[in-house]
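This briefing goes through one protein chain by topic. The sequence and the structure come first, and the notes follow.

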Amino acid sequence: MEEKKKVVALLSGGLDSRLAVKMMQNQGFDVTAVAIKTPFCDFDCGRGCGFEIRETADMLGVDLKTVYLGDEYIEMLKNPKHGFGSGMNPCIDCRVMMFKAGKQVMENIGADFIISGEVLGQRPMSQHGPALRTIEKESGLEGKIVRPLSGRLLPATQPEVDGLIKREDLGMIRGRTRKEQMRLAKEFGFENPPNAGGGCLLTDPKFAIRAKDLFNHIETPTTNDIDLLKIGRHFRFDQKTKFIVGRNQDENEMLKALALPGDVLFETKDHVGPISLLRGQDIEHNLKLAAAITLRYSDAPKDQQGIVILEKDNTKTEISVLQISEPEYLQYRI
Ligand code: SF4
């Protein structure tokens, strides 16, 4: 029996990449999926970009390879060659990195080309014609990226020239409407097709503000710094010191788990309240301020002294402070 031709697919949890995979399977290809994880998309945020990736791969019956872009992604984010979208999303540079990772898998398994669920004109930054070409060129995949959903609207790719795929089997979907995708989902028997993905955390305006603050104050943030961005209320005390207050029990536990040597954790002694975390170079100078904000977010009565427990490197101390007023602490809020 003739061996099936191999193709690699960049798979997100979204509908478009599912459809792209199915279109290739229907043309007889053996599809291997590559899911890319970044510090800003951990596959379980529920926002769409990597949501339920394992379930999606199983549903499609494809092999799944996961690639994590960590430090190199953070390095790129300091100064992306093609800039940012409306948040802090460096979509073009990000897609280049993703396709490079896909190319590696493509070469490893001997696939002929790579596909993605990109739709011409769907996303303002990375899915217009020139951006798609830039991504191809910079990832070293010129002519080897097939976008099945919009393929007939794009220049012919190498697999088409080589006769591996027929142009008439590709789609002509353009823009943001999802009508045709929903029709295809029905045709392919996909149950409960996911909503349109919103992009990763970097597209979230509130998250982008925090992320910009971090990158403006730290030369190279760590993944721990980035994980902290995902939880709590954030405050910038000075160039080198920031403060985070948990908003619920889960975040309190996460703050404890993310605390590093040198960080200080705060908790009110006699009232129900948050855990907060102080990190930076001028900790001593900011202890009172941090304690006063922690007390402010607790159930302690207003305008009264309260005791806050400080924990640094497994050593606990106590401090008595007066709650800070709202206008005072809001000046530090990021
Ligand atoms: S939204 Fe943009 S930056 Fe975020 S994962 Fe998608 S392409 Fe990358």
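Predicted model: local features only at pLDDT ≥ 70, side-chain atom pairs only at ≥ 80, totals over all residues.

Asp169 sits in the loop that runs between α6 (158-161) and α7 (179-188). Asp169 counts as partly exposed because 14 other C-beta atoms lie within 10 Å, whereas a buried residue needs 20 or more and an exposed one has 12 or fewer. Between the C-alpha atoms of Asp169 and Pro148 the separation is 8.2 Å, although the two residues are 21 residues apart along the chain.

**Whole chain**

- The protein chain contains 12 helices and 11 strands.
- A box of roughly 80 × 40 × 35 Å, taken along the principal axes, is filled by the C-alpha atoms of the protein chain.
- Of the 334 residues in the protein chain, 42% are buried.

**Nonpolar cores**

- The largest nonpolar core is made of 47 residues. Within this core, the residues with the most contacts are Val7, Ala9, Leu11, Met24, Ala33, Val34 and Ile114.
- Helix α4 (residues 91-109) supplies the largest share of this core, with 9 residues.
- Another core, of 33 residues, lies apart from the largest one. Phe40, Ile231, Phe243 and Ala290 are among the residues of this other core.
- In soluble globular proteins, nonpolar side chains tend to be buried together.

**Surroundings of Val34**

- What is Val34 in contact with, leaving aside its neighbours within four places in sequence? The partners of Val34 are Val8, Ala9, Leu10, Leu11, Lys65, Val67, Ala101, Gly102 and Val105.
- Ala9 and Leu11, two of these partners, are also listed with Val34 among the residues that have the most contacts inside the largest nonpolar core.

**Packing of α4 against α5**

- Helix α4 packs with helix α5 (residues 129-138) at an angle of about 40°, and the two axes are 9 Å apart.
- At that angle α4 is oblique to α5, because angles under 35 degrees would count as roughly parallel and those of 65 to 115 as roughly perpendicular.
- The crossing in which α4 passes α5 is right-handed.
- On the α4 side the contact is made by Ile92, Arg95, Val96 and Phe99, and on the α5 side by Ala131, Thr134, Ile135 and Glu138.
- Sorted by class, this contact of α4 with α5 comprises 5 nonpolar, 1 polar and 2 charged residues.

Terms used: Residues numbered from 1 in each chain as written. Core = buried A, V, L, I, M, F, W, Y, C linked by C-beta atoms within 7 Å. Helix = DSSP H or I, 4+ residues; strand = E, 2+ residues; numbered from the N terminus. Contact = placed C-beta atoms within 7 Å. Axes fitted to C-alpha atoms, helices over the stretch in contact; angles between N-to-C directions. Parallel < 35°, antiparallel > 145°, perpendicular 65-115°, else oblique. Left-handed = near helix turned anticlockwise from the far one by under 90°. Nonpolar A, V, L, I, M, F, W, Y, C, P; charged D, E, K, R; others polar.
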